[in-house]
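Dear colleague,

Please find below the structure that I am passing on to you. My notes on it follow directly after.

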Amino acid sequence: MNDTAVLGRSRAMVTETRHLLFTVSPGAAWIILFLVLPSAYLMGVAFMTNGPYGLPEMPLSLESFRQLAGFGFLGWSPGNLYTLLRSLWQTVVATGLVVVVAYPIAYYITTCRARWRPIMLLLVVVPSWTNQVIRTFGWMNLLAPGTPLSAAAETLGLIAPNMGLYPSNFAVTLGLVYNFLPFMVLPLYAAFEKLDTAQVEAAQDLYATPIKAFWHAVFPQTLPGLLAGVVLVAIPAFGMYVIPELLGGGKALMLGNLVANQFSGGSNWPLGAAGAILMLLATFAGLYAMRRIGKRLGGGEEVVI
Amino acid sequence: MRKRTLKRGLTGFWWLTLVFLYLPLAVVVMFSFNAANSAASMTGFSLRWYHQLFANDQIMSAFGNTLVLALASSLIALAIGCLIGYGMYRHRHRKLGWLIVLIYLPIVLPDIVFGISEMAFFVKLHELTGWFKPGLGTMIIAHVTFQIPFVALIVYSRFVGLDPTLFEAAKDLYATPIKRVVHFMLPTIKPALISAFFLSFTLSVDDFVISFFTSGPESATLPIYIWGAIKKGVSPEINAIATLMIAAVALAAVASLAINRRKA
Amino acid sequence: MTEIPSAQRATQHAGDSSATPADSGEAEHVAQPHGSSQHELSEHGPSEHDRPADGGSERSASSIHMQGLHKRFGNSTVALDGVDLTIQAGEFFTLLGPSGCGKTTLLRILAGLEEADDGRLTIGQRDVTDVPPHQRSVNTVFQSYALFPHLSVRENLAFGLKMRGVDRQQREERVARIAQFIQLGDLIDRRIDQLSGGQRQRIALARALVCEPDVLLLDEPLSALDAGLRSQLQVELLRVQKRLGMTFVFVTHDQDEAMVMSDRIAVLNGGTIQQVGPPRDVYERPVNAFVARFMGHDNLYPISRREGDRVTTELGELVLEPGTAGSDELLLIRPETLDVLPGTQQGANHLHGRVVERLYRGSHAEFRLAVGAATIQATINNRGHRLPEVDDEVTLVVAAEDLVTVAA
């Protein structure tokens, strides 16, 4: 139309862009420099060769991925594959158990008086504010051989004498459930709180049994919260390091331990990096799957991530 | 009739769950007062582990490191995260997908990948530049990295909750850009800044994995010290430190409850 | 530059009526402040030396001149398409139009919250086209009130003064004075979240007035309130403006509100000014079909033939007042200018019709009548006479001087 108008607009654009850069670039630069670059470097390490001191060296190779798949000097061994399967299995079982516990708890909180609800939520959340190592240490104390719980399990014949409930796969599962319970209760509680009771009443009217009414009116409404909870629980559970390390002993390792041990022992960085790539892929695949499911259910935006 | 049974069942389940949630913590607290050096049975009440605790230089230095790390990283993350939160708000109509991905990255990345990436990177940087020696400095950098997103999201959501014409009202009422920040924006988002700071602080104190991989020999924090002690074989001192940390959390919980009450 | 006939006409019109606002403005608004009248708020106060901006001690109302204002959003949406307008000092001026007509954009340009792509804006003697909002002596009452939630009522009122660097003692004096003037009473010590909608509106007004701006802008400040409170606050706003003699620019989409409040109204549509004038002009002599319809008129009929003062429409032949100028495109008959007589009577400007619908409203009744193939609406005051019933054959009579021709 005319030049001054265009000039004025582009001047405003420049000011806005400068503002955007000023506010956003320190944080963005920080994350890029101290997280994106390191992750990229780690991925690079996965394609390098393991040197004599456990540090990555040239030339580039796929040796680390071969090792991750179980091929070593002595031929193929299933150890790493077991670790991977165990990680998946522990994640699935722990997430399932967390749902089973959290669902009634979240519902129960919404049925209580409004003034009690914040306190009840706080009671659920507070244990997770304490350090993970301390919480896990508490379970070690509880499940060790000779403790009342272990003794009870022994008399019931659940475990061999003098073994104790820890270290074991069971202890790891328990630790995971304990650790992630609040992450499931919170989104579920939010979903229950928003529940449209008119729909529930209509359903009670329409369907004869309470189970049908629940399935058709209540459950679909809580699904977005449930999905958000699954994301918050399953993804960090899959990469868990502390709990299997402390409660699992040597026999209940998960992928996180496999990765970490390549670094803390300084034994094989490329192998650890390859494991980290696998973990990243699993994380993003999990996030993507949840988004897809969330979108298909129409509650896409409700899922937190 | 059936409803009441359901409610009673749920109440029972609720109390069971609370026992499940607090039993491990209660055990730690209980054994911290144990007279004997045993994690299996209580033999009597004693404060000896607490006395030992305060005499242990390693624990005292770990406590100092924990505080310095949490305080320094929270303050840096508050400044950077606050800016980025405001930038996200102000430019929310632009296409900022890349920024959202960047901000969520530290949240979704598994701790272990986060920790070892930074460790490997810092080792490499140290090799190349002589800087970034693993220690408190690298730990602060790592903690700031995972705190920034939380601060940014809290500040952003506070801004989104505001009436956008407030910004215009401030301009209209003669506030210069700097006065707008000092007299309008900062006071308005003060509650968000406070909760962002406390969340950052808690996240820092809670963190073990990332601290563990970015720390150096001199910079052990309390969780790292506890970890080492557990790995070496349980010492009842750990119960005492852990109890003090649990007490701090309980105090924070009561405080947050009191703040919520006053708001309501 | 594309041609913008309607805007040019509007400017001419503005020039005409602004020369003699009292002639056409009627007796409804008796106190017509002209030129520079002192603000009452300042007269009360002993101190006048608190305006660092221009250093002058005399506070006077300011006129506003807009020249060729253009504004686009994005690449396609035209918000303002060449607005030329002069608002007199001390005038209660209303920007009226449907949503999206550009009235709010124009107000925001006056406030400095939006920059015009092109054109000039002068407030008082000062060209403020490129002046940022915090350097303009203009204050706004926002539609959402925009009261600062972290501040008390008192701190909200003092905010503008504080930003201008007025010292504490003076701030307190002026806040107390405005609180008394707006009759805030004990509201002054409340928190913002303890206020009702009407109370917030009055605080927002006081917060803008306490700064004693040259011009006060009001962006649909009453639209969020219920009807009763709304008319009460309309009266209060008018009283404040008349006592202060400040220039008020008021934005609304409600033509009734515009007519009650304004000295002059500008009707906007599609980013251009359609008509500027006192309420009676705009209501009784709309220049085009848009203005007529927006002011609530539905009885518009295309003129198929015009010979001198005689026009033919689908209603039949009607006689205009001699010398009626204007366009020959549409004939407007306002419903309240029609008389409804029983039976079939003959005469000039007599139309014969049948009652199709009657809405009884107590003080008056609204009729929909069929005249030949056409429909017409009539409003009749209820003066105790018999009101025609549905299906009655009646005669409609309209005076020649009440007939208006408008452009399409």
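In chain B, 45% of the 264 residues are buried. Please bear in mind that this is a predicted model, and that the figures below were computed from it. Chain B holds twelve helices and zero strands; read from the N terminus, its elements run α-α-α-α-α-α-α-α-α-α-α-α. As to its dimensions, the C-alpha trace of chain B spans about 70 × 70 × 30 Å along its principal axes. The radius of gyration of chain B is 23 Å, whereas a compact globule of 264 residues would have one near 18 Å. Of the contacts in chain B with a separation of 6 or more, 78% are between residues 24 or more positions apart.

Chain B also meets chain C: 16 residues of chain B are in contact with 17 residues of chain C. On the side of chain B that touches chain C, α7 (165-172) and α8 (177-188) of chain B each supply at least two residues. The most is given by α7(B), with six residues.

I turn next to the nonpolar cores. The largest has 149 residues, and those touching the most other members are Phe180(A), Val185(A), Ile116(B), Val151(B), Val155(B) and Ile226(B). Beyond its neighbours within four places in sequence, Phe180(A) is in contact with Ala94(A), Val98(A), Val233(A) and Ala237(A). Another core, of 107 residues, lies apart from the largest one; Cys101(C), Leu113(C), Val291(C) and Leu369(C) are among its residues.

Chain C has a secondary structure of eleven helices and 21 strands. Of the 408 residues in chain C, 43% are buried. Where contacts in chain C join residues at least 6 apart in sequence, 68% of them are between residues at least 24 apart.

Several strands of chain C may be followed through their pairings. Strand β3 (residues 92-96) of chain C is mostly covered, with five of its five residues buried. Phe92(C), Thr94(C) and Leu96(C) lie on one side of β3(C), Phe93(C) and Leu95(C) on the other, and both faces are covered. β3(C) pairs with strand β9 (residues 264-269) of chain C in the parallel sense over four bridges, and in that pairing Leu96(C) stands opposite Val267(C). β3(C) also pairs with β8(C), in the parallel sense and over five bridges; there the bridge partner of Phe92(C) is Phe248(C).

The strand β8 (residues 247-252) of chain C is in turn joined to β7(C) by five bridges, and these two run parallel. In this pairing Val215(C) stands opposite Thr247(C). Between them, the chain passes from β7(C) through helix α8 (residues 227-244) of chain C to β8(C), in a β-α-β crossover that is right-handed.

Strand β7 (residues 215-219) of chain C is itself mostly covered, five of its five residues being buried. One side of β7(C) carries Val215(C), Leu217(C) and Asp219(C), the other Leu216(C) and Leu218(C), and all are buried. Four bridges link β7(C) to strand β6 (residues 138-141) of chain C, and the two run parallel. Here Val141(C) stands opposite Leu218(C).

With kind regards

Technical notes
Residues are numbered from 1 along each chain as its sequence is written. Chains are lettered from A and ligands numbered from 1 in the order in which they are written. This is a predicted model: local features need pLDDT of at least 70, side-chain atom pairs count only at pLDDT 80 or more; totals for chains, interfaces and linings use all residues. A nonpolar core is a set of buried Ala, Val, Leu, Ile, Met, Phe, Trp, Tyr and Cys residues joined through C-beta atoms within 7 Å. A residue is buried if 20 or more other C-beta atoms lie within 10 Å of its own, exposed if 12 or fewer, and partly exposed in between; C-beta atoms are placed from the backbone. Two residues are in contact if their C-beta atoms, placed from the backbone, lie within 7 Å. The radius of gyration is taken over C-alpha atoms; the globule rule is 2.2 Å times the number of residues to the power 0.38. Two strands pair if DSSP finds at least two bridges between them. A crossover is right-handed if, with the strands pointing away from the viewer, the path from the first strand over the helix to the second runs clockwise.
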